[in-house]
Amino acid sequence: MDRLVEAAKKEGALTVVGLPGGWVGYKEILARFSDKYGIKVTSIVPEASSKQEIDTAARLKGTNQAPDVFDLALEVAVANAKLFAPYRVTGWADIPDEAKEQRGRWFAAYGGYMSIGYDPRKVPAPASYGALVRPGTIVALPGDPRQTASAFGAVMAASLGSGLPDAARGVDLFARLKKGGMLGRPDQAAAVVDWDYMNAARAASGQGAASWRVTIPKNEVFASYYMQAISADAPHPAAARLWEEFLLSDEGQNLFLKAYARPARMEAMEMRDTLDADAAARLPEASGDPVILNIPEQDQAKSYVTAHWGRMVG
C-alpha cells in the first residue's frame with residue numbers, strides 16, 4: 001500500500017466517469033479521496049449510464065482524459081471484461097463470490113435492495129408491489145426498464161411473487177398501472193419504485209419522513225450490486241488501483257453506508273466490528289432472502305422486457 005500510495009501521488013490525478021454527486025454519497029467519497037491522498041479527481045459525464053461509460057472510454061481512448069475506473073451494472077461489466085485490468089483489492093476475500101470476477105476484472109463495492117418510496121399523506125404503506133395498484137395513486141419508475149438498470153430492477157422486484165422472479169409478472173403489474181392511469185413521472189408520483197438508497201436519501205432530505213417514507217415489501221427483496229473496474233488503458237493506473245482500495249476499505253465502505261448503500265464487505269465488517277452501526281441502523285428494514293439474478297436470468301428477463309414493454313406499457 002505504501003508503494004501504491006507513493007506511485008498514485010506521483011501521478012497526481014484520477015479520472016472517473018458516470019459518478020453523479022447525489023449517487024450513493026459519491027460527492028463526499030470523491031472529496032475524501034482527493035483530500036486524503038492529494039490527488040486531483042476529474043469527473044466526466046457524471047450522468048452517464050453504464051453503457052455510456054464504456055462508450056466514453058472508447059471515444060477518449062489514447063488520451064489523458066480517458067476514464068481510469070468504471071462503476072457499472074453487472075451485465076455491462078461482464079460483457080466488457082476484456083477492457084479491464086485484473087486487480088484484487090486488499091479486502092477481496094470479504095466480497096461475496098457472486099459479486100466478483102475471480103481474476104479481479106470486476107467486483108462489487110456497494111449494492112442495494114429495491115424499495116417503494118411513498119408519501120404517507122397520499123398512500124398507506126404498501127404491503128406488496130401488487131398493493132401499488134390503487135386507483136388514484138400515481139406510481140413512478142426511475143426511467144425506462146429497457147435502458148435504465150434501476151428501472152429494470154424495479155420491474156423485477158415487482159415480479160418476485162413467491163420469491164421467484166418472473167419478468168412477465170412484473171411487466172403485467174406496470175401494464176395494469178398504465179391502463180388505470182396510475183403510472184406517471186417521479187416528480188408527480190405518490191410512490192416511486194427505486195433502490196432503497198435513493199428512496200432513503202430522499203426521505204432524509206427536505207421535509208424528511210413527514211413527506212416520504214421507504215418500505216421493502218416482506219419476502220419481495222430484490223438485490224443488486226454495482227461493479228467496479230479498472231480500465232486496462234488507464235492513464236493513471238496507480239491512482240486507479242488506489243481508488244479501488246479506498247472504496248473497499250472500511251472508510252470507503254462506511255461512506256457508502258452513510259449514503260444508505262449496502263457495502264459489499266458489510267457482513268465481514270459487521271463481524272469485525274468495523275461497520276458504522278448507527279448508519280447501518282438507518283437502512284430500510286428488509287425481511288426475507290434477497291434475490292440476485294445471475295447473468296442468464298438477467299438476459300432472459302431483459303429479453304422479455306425488451307420484447308413486451310413497448311406494447312404493454314409504452
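Start by colouring the charged side chains: the protein chain carries 35 positive and 37 negative ones, and the centres of the two sets lie 5 Å apart. Here Lys and Arg count as positive and Asp and Glu as negative, leaving out His and the chain ends, and each charge is placed at NZ of Lys, CZ of Arg, CG of Asp or CD of Glu.

A quick note on what you are viewing: this is a predicted model, where local features need pLDDT of at least 70, side-chain atom pairs count only at pLDDT 80 or more, and totals for chains, interfaces and linings use all residues. Residues are numbered from 1 along each chain as its sequence is written, and side-chain values use heavy atoms, without hydrogens and water.

Next, switch to the cartoon view, where you can find 12 helices and 10 strands. These are DSSP runs, with helices (H or I) of at least four residues and strands (E) of at least two, numbered from the N terminus.

Now go inside. Buried residues make up 52% of the 314 in the chain; buried means under 20% relative accessible area with a 1.4 Å probe, protein chains only. Select Y26, Y110, V193 and W243, which touch the most other members of the largest nonpolar core, a set of 99 residues. Such a core consists of buried Ala, Val, Leu, Ile, Met, Phe, Trp, Tyr and Cys residues joined through side-chain atoms within 4.5 Å. Then pick helix α8, residues 237–248, which gives the most to this core: eight residues.

Last stop: zoom in on W243. Leaving aside neighbours within four places in sequence, W243 contacts (heavy atoms within 4.5 Å) several residues, including L14, Y26, F33 and Q228.

How values were computed. Buried < 20%, exposed > 50% of the residue type's maximum accessible area, 1.4 Å probe, protein only.
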